[in-house]
Structures are given as C-alpha cells and as structure tokens.
Amino acid sequence: MWRFELLAQDGTTHARRGRIQTGRGTVDTPVFMPVGTQGTIKSLSPDEVSSLGAQIILGNTYHLSLRPGAERIARLGGLHAFMAWPGPILTDSGGFQVFSLATIRSIDEDGVTFQSHIDGSRHRITPERCMEIQDLLGSDIAMCFDECTPYPVSREYARASMERTLRWARRCREAHKRADQALFAIVQGGVYADLRLECAEALKAMDFPGYAVGSLAVGEPKEVMLEVLDAVVPQLPQDKPRYLMGVGMPEDLIEGVRRGIDMFDCVVPTRNARNGMLFTSWGALQIKNSRYTDDPKPIEPGCACYTCRKFSRAYLRHLFMARELLAYRLNSIHNLHYFLRLMEGVREAVHQGRFEAFREDFYRRRLEGEPIGD
C-alpha cells in the first residue's frame, strides 16, 4: 500500500507538492506532523487533532518503549488502537532521545546501553531491537536507528558517527520485517556538507522508501542548517519523500519547503502553547504579557480555530496566569491549527506555482507586525 507520488514542482525553487499513500490513509505533502511523544498530542484528543487537519502524527520509540512498553502496546492491539488514532503514524528511531535524555549512556558498535531518565533502569537498543520495537508498535513509517550527533562536533567524530549510522542502517534494513511499514533512512554527518553527501549517496544505494535529514536544529546557527540542506536535499531521490527531523519554527518550515523538504515534525506548537507562546501570521505573541489583560480580541482576528472563535486574549491570559489546564488545551488548539493551515497554504501555493510569492508574503506580514485596528 506504500506509494509516493510527486504532483507538482515549483518553477523557481525546489519546493514540491506530493502525496504519500499508506495502508491507513493519504498524506499530502509538504506536511507537518504533530508530535505524540507518549501516545498523545498533549492536552488534545485524537478527534480534535484530526479535526484540526492533521493527516499523520509522530510517536516516540524511546518514550513508548520505556513506558508503557512496546510489548504491552502490541498486546493491546498496536499503537493505533492503543491511542485511538486511525490514521498514519510515523515512529522515530529513539536515537535523538537516547543521546539527549538518557542520564548515562555508552555506545559501541553493536548499539547503545543507557539508563532511563524515568527511573534509572538500564536498557539497550541495537538496530535490531529498534526495528523490533517499531514492529511491535505497528507504525506506518519507521525510522532507522542512528547516532544523533550534537553541535558542535569535531569532523573526526562526525565521520565516525556517520559511518556507524550507515552500518546501523544496513542492519536495520536486514532486520526490518513488516511489509505494511515503510522504513526511512537518516542522513547524518554533522555540519559537514561533504560527510552528509557521502552518507546520502551510501543510503541511496540501499534504496530506502524515504530519506530523512537528522541532527539539525540542535544548536547550530540557522544559516548553517540551511547550508547543509542546500547541499544535501537536491542529492536525495526525487521520487522519495524527504523528511527534516525535529524542525521547527514556522520560518524553518518555509525555508525547508523551499529547499525540497516534504515532511516535518516538531514539539514547537504544543510545547510553546504550554509556555504561553501563540503563533500568528505576523509572528508570535506571549499571552502572559500584561498588555493582553483587558484585550477583547481573539489571538488572531480572522482565525477560524475554536479558540479564536470563542475566546479573547484577556480570557486566555487569565487562564494561563491562573495555571488552569484549559489554557494549555486552548493554546494548543490554536497553535496546531496555525501550523497545519500554514502547510495547507504552502501546498496550495506550490500547486499553483506561486510558492515564492507565498514566501515573500509570509515574511512581509512578520515585518509589518500586527495590523492596527484588528
């Protein structure tokens, strides 16, 4: 049931419009995938996430394997049934979390041994175990186990890490069993474009259904991230989806699409919602600011989301300052609506051959700021 179809290519940039067909539904690209780290998009029900326009969500291999456990989820019918999400799910490899959250870890050629950030218990993930976990979860798209390099990182370590990631990718390819699950490879190599290209060429020879770019937005300057994408993305197969992992802010989505990226995921809309940052077409606002205490306007006038149709900035600020749970829910609804509508607009712009004009308007609105009188 897996198929990727390229529907349109922007005439002046690398922006693409495509469609992924999975056994559980269609995903229109470019796409933003809300992150359901522990089997839930925080504070929202699956029906709400679907009604906001999400076509695919992300589950976290590391977190779900630690709690409640992949074997338990499998006994209960797999991740789709467990969390009552009928659409496509992508599960990440857990590599980023192993290297960023585990309190103690050691890496060797065979895999990684680490202590859980939850209770200190010892665990081990190898490429084979990573494939087994994602098999048990039953996701529609699985990711190869990789080593996530930090920033900064020496060229020597970036090369050693990249070569290990390639060896692990071969092992994941051999261990992957589910015919109804597409396995994506992850391009590594730090901020070194030549290492990234070397990795991409080796992974292309293994012929994966899709390719991701990992270990970006990990602290490097934004221009460095874009330079890496400029070098690597055009060298990835035209007929396969391209996924930029863990990115990002609205500007990152626009610039990633411009460079040919098809898939994005990030905790930004929901995490920032819980911190009181709300996204609008002219930029972000901090709802805790005192200027909104008596503001009767919605977050963004004209926004069709439930939060903006029903509630004022003054009320949302009150909820947030009072630490009411409804604040996190309403803020998350708006932010996810914003991100998903942004990508809907991107897809339409690429389809109509006006992506660059869409991009220019995106930045113009931010430069001008909130319209006076709205």
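**Residue classes and basis of the views.** Ala, Val, Leu, Ile, Met, Phe, Trp, Tyr, Cys and Pro count here as nonpolar, Asp, Glu, Lys and Arg as charged, and the others, Gly among them, as polar. The model is predicted, so that local features need pLDDT of at least 70 and side-chain atom pairs count only at pLDDT 80 or more, while totals for chains, interfaces and linings use all residues. Residues are numbered from 1 along each chain as its sequence is written, and side-chain values use heavy atoms, with hydrogens and water left out.

**View 1. The largest pocket, with a volume of about 890 Å³.** On a 1 Å grid over the protein atoms alone, a pocket is an open set of points with protein on both sides within 12 Å along at least five of seven lines, and a cavity is a set where a 1.4 Å probe fits but cannot get out; lining residues have an atom within 4 Å of a point. Grid points are joined across faces, edges and corners, and a volume is the space filled by probe spheres set on the points. The largest pocket is lined by 45 residues, of which F96, Q97, G246, D265 and V267 are the closest to its centre. By class, this lining holds 18 nonpolar, 18 polar and nine charged residues.

**View 2. Elements around the largest pocket.** Helices (H or I, at least four residues) and strands (E, at least two) are DSSP runs, numbered from the N terminus. At least two lining residues come from each of β4 (31–36), α5 (95–100), α9 (222–232), β14 (263–266) and α11 (268–274), and α11 supplies the largest share, five residues.

**View 3. The second largest pocket, which holds about 400 Å³ of space.** Among the 19 residues that line this pocket, S281, Y338, R341, L342 and F358 are the closest to its centre. Two or more lining residues are given by α14 (325–351) and by α15 (355–368), with α14 giving the most, seven residues. The lining divides into seven nonpolar, five polar and seven charged residues.

**View 4. The largest cavity, with about 50 Å³ of space.** Two cavities of 30 Å³ or more are counted in the model. The largest cavity is lined by V31, F32, G53, Q55, L340, M343 and R347, and α14 gives the most to this lining, with three residues. Four of the lining residues are nonpolar, two polar and one charged.

**View 5. The second largest cavity, with about 30 Å³ of space.** Its lining consists of T149, P150, Y151, V153, G190, V191, R196, S215, V218 and E220, which by class are five nonpolar, three polar and two charged residues.
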